Amino acid sequence: MPLSRRTLLASAAATLVPTWSKANRERLTAEPVVAQILPEGSGTTPSLGFNGGTPGPVLRVRQGDELHVNFENRTGEPSSVHWHGIRIDNAMDGVPGLTQDAVPDGEDFEYRFVTPDAGTFWYHSHSRSWQQVAMGLYGPLIVEEREPPDVDADIIVMIDDWWLEQDGELRDDFNSMFHFSHAGRLGNYAKAIVSQSSTLKGNRVRLRLINVANARVFPVDIGGVEGNLVALDGMPLKKVEPIDTIHLAPAQRADIIADVAGNIEFSFWTGHEQYPLATIDAAGSNPSPRTSPIVPLPPNDVATTNGDEDMHVTLRMQGGAMGGQHPGDDIWSFNGVSGLPDEPWFEVQQGTVVGMTLVNDTSFPHGIHLHGQHFHEVDGGGKPGPLRDTTLVDARASRDIICVFGNPGKWLLHCHMLGHATTGMETWVEVT
Ligand code: C2O
Ligand code: CU
């Protein structure tokens, strides 16, 4: 077949355009900062942050891009960065003792990785994290869809609580036995830090909620919007769902797409009281609000399963206050072992489908996080539900999850109530 000039140019162009993705270069300097956590006019909080503030800068990349981050540790102690929820190259996962050495104070480390999934993620210290995260070493990592949904504003809502003195200083009892053995370091001052403080009535907004708290589970209510929950832990839901109270365990995320009907009020329930977290003012109105339905986000390319498993394992959580005896040598244990064992909990080949029953024999809820892959929460009928990277297991309850282990490497599995992780609740899985 003779090649016409048109087909020749078209095919030449197709081979000449480089197919590698764009590299985004960023710098993250972890360092002491002074934060205004209490309202303006009240005391300030000496803490840690990235690039001069806490939360750290918003890292925003496009799905499939490569991110290069030059991490500079100027905190005065060893540190590292974990990219929570990213199906990352294992060497870049940021876990001292498993995937890298902690970066000494004054030194740098170059993180380089591809971001395969679009969604809401975050980064945080993974070195003495019960203290460094409580002090503010975290920030949002947003991976945009190749074709982002049609919204007027994309708003990040980072929810945290702090354990503060009256004058705003962080209480320095990071190693409190009480906190370690009970629910973790729950703060006495909570708020959501929002990436913009006003919008228009009639705007369609995407809200990206991230719970960066050390230990608190936030049951979040959102007033002033009408719309849907569209993603959990960075992974799109197959069907959009109505917005009800959203229970966010530490590290969990929720994405909402909604139309603004009035001021957007974020609050959470503690006991019988509703505690305000943040308000986004709806000033003025959008003359041409969208009328199109809110539809699911495009799915990420994650291997899923219909529920058939190649093997099944059980993780028994024991210990803590009011928890009874257990064989571990620290406050908490997983399957009788406290802390990171030399051998993995289990070893599987890439592609293996593993069902896991997480049994909580303790008197406290635990948010269990698996690094490097997402898993399905399994519903009562045994069917794989939403994809998550962190799942909440209530006190004295159990939860089934199922995971297609698609990402090779050594992956940590731990409680994201960070004081629990450091006093026993961590193990690891090897995917070969
Ligand atoms: Cu969000 Cu092991 O961490
Ligand atoms: Cu826990």
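Trainee: Hi! Which strands each supply at least two residues of the lining of the largest pocket?
Mentor: Strand E14 (235-242) and strand E24 (384-388) do; strands are DSSP runs of at least two residues, helices of at least four, numbered from the N terminus. This is a predicted model, where local features need pLDDT of at least 70 and side-chain atom pairs pLDDT 80 or more, while totals for chains, interfaces and linings use all residues. Residues are numbered from 1 along each chain, chains are lettered from A and ligands numbered from 1 as written, and side-chain values use heavy atoms, without hydrogens or water.

Trainee: Which one gives the largest share of that lining?
Mentor: E14, with 6 residues. Of the 19 lining residues, Pro-236, Leu-237, Lys-238, Gly-385 and Pro-386 are the closest to the pocket's centre. (A pocket is an open set of 1 Å grid points where a 1.4 Å probe fits, with protein on both sides within 12 Å along at least five of seven lines; lining residues have an atom within 4 Å of a point.)

Trainee: Switching topic: what coordinates the copper ion (ligand 2)?
Mentor: His-366 (ND1), Cys-415 (SG) and His-420 (ND1), at 2.0 to 2.1 Å; donors are N, O or S atoms within 2.8 Å of the metal (3.2 Å for Na, K and Ca). His-366 in strand E22 and His-420 in helix H4 are 54 residues apart, linking distant parts of the chain.

Trainee: Are those two histidines buried or exposed?
Mentor: Both His-366 and His-420 are buried, meaning under 20% relative accessible area with a 1.4 Å probe, protein chains only (exposed is over 50%).

Trainee: And where is Ser-79?
Mentor: Ser-79 is in the loop between strands E4 (66-73) and E5 (81-84). Ser-79 counts as buried because its relative accessibility is 1%.
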